[in-house]
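Please look over the sequence and the model before reading on.

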Amino acid sequence: MSIFTPTNQIRLTNVAVVRIRRAGKRFEIACYRNKVMGWRSGAEKDLDEVLQTHTVFVNVSKGQVAKKEDLVKAFGTDDQTEICKTILMKGELQVSDKERHTQLEQMFRDIATIVAEKCVNPETKRPYTVILIERAMKDIHYSVKPGKSTKQQALEVIKQLKETMQIERARMRLRFTLPPKEGKRLKEKLKPLIKVVESEDFDEQLEMVCLVDPGCFREIDELIRCETKGKGTLEVLSLKDVEEGDEWLE
């Protein structure tokens, strides 16, 4: 006896579903587990590594495929791949409570790792351990936001932790060389952006080695390039000014 299977049904297993509502209807796509967040953060670039199939469904679990006219009405096109991309970025990822908990735990750890990599104790210049940052995040009751990137959240965490502990972004060590004509004038403009001047030599041209906050790097770079019309140079000597060894709190 043959079993009739409707042609508009596709069976998939081990699926992560992303759902969106448009034009009064529900549309779903079938993705591989743990790949959706990678696509959204930009870590995963290959769509075939994310989608199980370039097909838009009304119900993934029942294998019911969306009708062409419904897709055109809701998305203005029947290009399944483009619609999949839209749902992937704007849709809601359907996950179980256990999966969500695991995901949030991993994001919490990732945020703490970024903070530990970027920051130091300003007094000792030593970096903090990831475990210590995790503990500090729990102390301030930081709650992870699934829709925000870990990098954005790490910057938020640094701001909040400053209120309860000695912590700041590790400074970059830069060397810049400026032509004599623009040197003195440009030095005054650069002063507010420099935290510490380690050395300064004004012979044929002005050469300075200094520490700056990473957030000021782009502004310093643009200032030197524009004001010297490409004659000045900027060199990164170290991305982080840190002392050896980890910082521990008793």
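## Surroundings of Q153

In this predicted model, Q153 touches M107, I111, Y142, S143, V144, K145 and K148, when residues up to four places away in sequence are left out. Q153 itself belongs to helix α6, which covers residues 150-161.

Two of the links made by the side chain of Q153 can be described in detail. A polar contact of 3.0 Å connects this side chain with that of Y142. The side chain of Q153 also reaches the backbone nitrogen of K145, at 2.8 Å. Q153 counts as buried because its relative accessible area is 0%, and the limit for a buried residue is under 20%.

## Two residues with positive phi

Most residues other than glycine have a negative phi. H141 is not a glycine, yet its phi is positive, at about 55°. H141 is found in the loop between α5 (130-139) and α6. With a relative accessible area of 68%, H141 is exposed.

A23 likewise is not a glycine and has a positive phi, here of about 50°. The loop that holds A23 runs between β1 (15-22) and β2 (25-32). A23 is partly exposed, its relative accessible area being 45%.

## K73 in helix α2

K73 is placed in helix α2, which consists of residues 68-75. Is K73 buried or exposed? K73 counts as exposed because its relative accessibility is 67%, and exposed residues are those over 50%.

From K73 to M89 the separation is 16 residues in sequence, and the C-alpha to C-alpha distance is 19 Å.

## The protein as a whole

The secondary structure comprises 8 helices and 11 strands. Along the principal axes, the C-alpha trace of the protein spans about 95 × 50 × 30 Å. The radius of gyration is 26 Å, whereas a compact globule of 250 residues would have a value near 18 Å. Of the contacts between residues at least 6 apart in sequence, 65% join residues at least 24 apart.

## Surface and charge

Of the 250 residues in the protein, 39% are buried. The accessible surface amounts to about 15,400 Å², and carbon and sulfur atoms account for 48% of this surface.

The protein carries 45 positive and 42 negative charges, and the mean positions of these two groups lie 7 Å apart.

Key
Residues numbered from 1 in each chain as written. Predicted model: local features only at pLDDT ≥ 70, side-chain atom pairs only at ≥ 80, totals over all residues. Heavy atoms only, no water. Helix = DSSP H or I, 4+ residues; strand = E, 2+ residues; numbered from the N terminus. Buried < 20%, exposed > 50% of the residue type's maximum accessible area, 1.4 Å probe, protein only. Polar contact = N/O pair within 3.5 Å; in protein donor to acceptor, adjacent residues only side chain to side chain. Contact = heavy atoms within 4.5 Å. Rg over C-alpha atoms; globule rule 2.2 N^0.38 Å. Areas by Shrake-Rupley, 256 points an atom, 1.4 Å probe, with all protein chains shown as cover. Lys, Arg positive; Asp, Glu negative; His and termini not counted. Charge placed at Lys NZ, Arg CZ, Asp CG, Glu CD.
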